[in-house]
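Please look through the structure below with its sequence at hand. The briefing that follows goes from the chain as a whole to single residues.

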Amino acid sequence: MTHRWTGGIVETGAADGPPAVDEWRPVAVPGRPAAFGDEFDGDRSIAYRTTVPDPRERDAERALLELRGAYDRTRVWVNGTELGEHEPYFVPARFEFDPEPENELVVVCEPPSSLAGIYGTDEVPIETATPGIWWGVNVESRPRTFLRRVDATPRLTDGTAAIDVTVEVDAGATIDDAVTLSLRPEGFRGGASMERVPVRADAGARVAVSTSIDVPEPALWWPRGYGPQPRYTVRAKLGDDTREETVGFCRVERDADGLLVNGERVLARGFTRLPGGDPTADVERAVDANATIVRARAHVPSPGFYAACDEAGVLVWQDLPATGSDIDAERATALTTAIANAYGHHPSLAMYGAQDQPVDPFSDPLGEGLLSKLALRYRAWRTAVDDGAAREVATSFPDDRPVVAVTGAPGTGADAAHLAPGWQYLAAADVDWLLDTYPALGAIVGGFGAGSLTDDDVDRAAVPGLDPAALDRRAATAAESRDYQERTLKTVAEALRRRGCGVLAAATLRDPGSGGGPGVLTADGDPKSAYDAIKRSFEPIQAVLDAPPTRGVVGITLCNDTVDAQEATVGWRAGDRDGETTVTVDPLGTAPAGTAQIPIDAGRIDLAVSLADRTVHNRYSL
């Protein structure tokens, strides 16, 4: 809907009408407005106002307002009459109203009182967390009797498959009819079907009718590199009114080694993602860097993000918006149901996370060396976490996907690890010592990396998601910070691959704001040097060094994330020396690939994996 919008910070509430705003300013809706500057402190409500015409062509039709991504608790007025309130933001808000020829629409968005997740931290800029209508607004005419929503849920059991469909009908007049349901394959050739479901309702009633559509021999959805991404579209039709939803069949389980998708082992490599920016573009950038999983860290993304992941074959690790020590168990439990209802039909949804970073034992960074290793062990030993609420909430998720109750640092007893060697503590090369000392940390890794700056004029303390104390220990200039970030991510990522980590996510895909941050891409999506480095490290078949390169002898390992055994010739060149080894590596396995002898005058070492159909390169600066 293209209309001129104004917005303002809510100053006072009114018992019989919209709240008062001192100053209305032009704002862009939908979106994340930055018009309020330093006046907005993150805790106040924002009002949005526009004028819309009557969308109807005939009086018998009905006017419907839909808000998508209205964050978080939202109240709506039309022509001074309150239509109601709505939350959570990732569920569309729909309100019917009696229109006049011109209608004043006022929407007030209030920040959440609990479970703000990543929006309640300094890891994203304040404009990203500004309450607003983030994803879309639509004012439309609907028939007198119309389909309010269609929910389609795929169900896959041993030997059988079906799609459970619920259709909600808003009856403006008495109805005795049938909803026509059709099923068509998307992205592959398969059988279609059609059936009719009776619906009866009195005038003014809202009823739901349900049925199950059997799907013989269903086509299964796979992550990229493991198989195709077939889906099915369920279309409901009542009279001339239609709605549809696209689903896919995918079964995800977790064991001690990671994820099983449709009963087959999958090695998931990818990134965490923070809110903001174009979700479709972010998925494309992740795919270009060989990602097979993206973690929506401590927030719930838009439906467009899930649609892009479905299409691209990218698994989604979906967190609750819960970070830090406080977790409102009652509200969190309600959100688990809402997330599952909103996104559970997407085949890309692979796993849930309940609580992120309950405490951070390393907010005061440690240095390198033996004493720092002792200090790390002491901090991990003395860290205490009350994770009872998180584990209770984790049980409220549906049992059709794995659940990670807690993602956290060493010492938190978390189910998935947040690692920071080379950033908050120790050197990046100490990742092997860390994983030898705490083996459980290497099973599922929900974040690792380092920060960097885009230029030297940036105020380090003002960059969202960047720990200036950690950065000051590592780099004096912006260029040095980017080089350091590249080396750190590469070292940790390749160590995790060598050690067979089942799920690993680098933190993070894109900077949350300008000036720099933990992303391998800038906030605008431009690649830093770390992006190309991690892209090479995530190649499905890749040779990696067994340790950061130094002059002398270093081992080489061939990693194979594919489902086929591979025979490859692994070659290396450093200075005036080179060598090669022929290696056979098992599916989803690793194999030693000889050693390299790095001469004292070498400036870099290059690796090349020669396969039957291509050659894959990797490189390291000394």
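How many salt bridges does the count come to by the rule used here? If a salt bridge is taken as a side-chain nitrogen of Lys or Arg within 4 Å of a carboxyl oxygen of Asp or Glu, the count comes to 52 salt bridges. The model is a predicted one, in which local features need pLDDT of at least 70 and side-chain atom pairs count only at pLDDT 80 or more, while totals for chains, interfaces and linings use all residues. Residues are numbered from 1 along each chain as its sequence is written, and side-chain values use heavy atoms, with hydrogens and water left out.

**The chain as a whole**

- The chain has 9 helices and 37 strands, where helices (H or I, at least four residues) and strands (E, at least two) are DSSP runs numbered from the N terminus.
- For 622 residues, a compact globule would have a radius of gyration near 25 Å, and the 26 Å of the chain agrees with this; the radius is taken over C-alpha atoms, and the globule rule is 2.2 Å times the number of residues to the power 0.38.
- Along its principal axes, the C-alpha trace spans about 85 × 60 × 40 Å.
- Of the 622 residues in the chain, 56% are buried, a word that means under 20% relative accessible area, whereas exposed means over 50% and partly exposed lies in between (1.4 Å probe, protein chains only).
- Among contacts (heavy atoms within 4.5 Å) between residues at least 6 apart in sequence, 68% join residues at least 24 apart.

**Salt bridges**

- Glu85 forms a salt bridge with Arg73, and the closest N and O atoms of the two are 2.9 Å apart. Because Glu85 lies in strand 7 (residues 81–86) and Arg73 in strand 6 (residues 73–78), the pair ties together parts that are 12 residues apart in sequence. Glu85 counts as partly exposed at 47% relative accessibility, and Arg73 also counts as partly exposed, at 23%.
- Arg142 and Asp241 meet through their side chains in a salt bridge of 3.0 Å, N to O. This pair links distant parts of the chain, with Arg142 in strand 10 (residues 133–142) and Asp241 in strand 17 (residues 241–247), 99 residues apart. Arg142 counts as buried at 8% relative accessibility, and Asp241 counts as buried at 5%.
- Arg391 and Asp415 meet in a salt bridge of 3.1 Å, N to O. Since Arg391 lies in helix 5 (residues 388–394) and Asp415 in the loop between strand 25 (403–408) and strand 26 (416–418), the pair ties together parts that are 24 residues apart in sequence.
- A network of salt bridges links Arg62, Glu96, Arg148, Arg149, Asp151, Glu168, Asp170 and Arg206.

**Two helices in contact**

- Helix 1 (residues 279–288) and helix 2 (residues 303–312) pack at an angle of about 30°, with their axes 8 Å apart; axes are lines fitted to C-alpha atoms, for helices over the stretch in contact, and angles run from 0 to 180 degrees between N-to-C directions.
- In this contact, Pro279, Thr280, Val283 and Val287 of helix 1 meet Gly304, Phe305, Ala308, Cys309 and Ala312 of helix 2.

**Charged residues that are buried**

- Glu245 lies in strand 17 and is buried, with a relative accessible area of 15%. Not counting residues up to four places away in sequence, Glu245 touches several residues, including Asp151, Tyr232 and His345.
- Lys490 lies in helix 8 (residues 478–498) and counts as buried at 7% relative accessibility. Not counting residues up to four places away in sequence, Lys490 touches Ala533, Ser537, Asn618, Arg619 and Tyr620.

**Backbone details**

- A cis peptide bond joins Tyr71 and Asp72, with omega about -10°, and Asp72 has its place in the loop between strand 5 (62–70) and strand 6.
- Another cis peptide bond joins Glu87 and Pro88, with omega about 5°, and Pro88 lies in the loop between strand 7 and strand 8 (93–97).
- Leu115 has a positive phi of about 55° although it is not a glycine; Leu115 lies in the loop between strand 9 (102–110) and strand 10.
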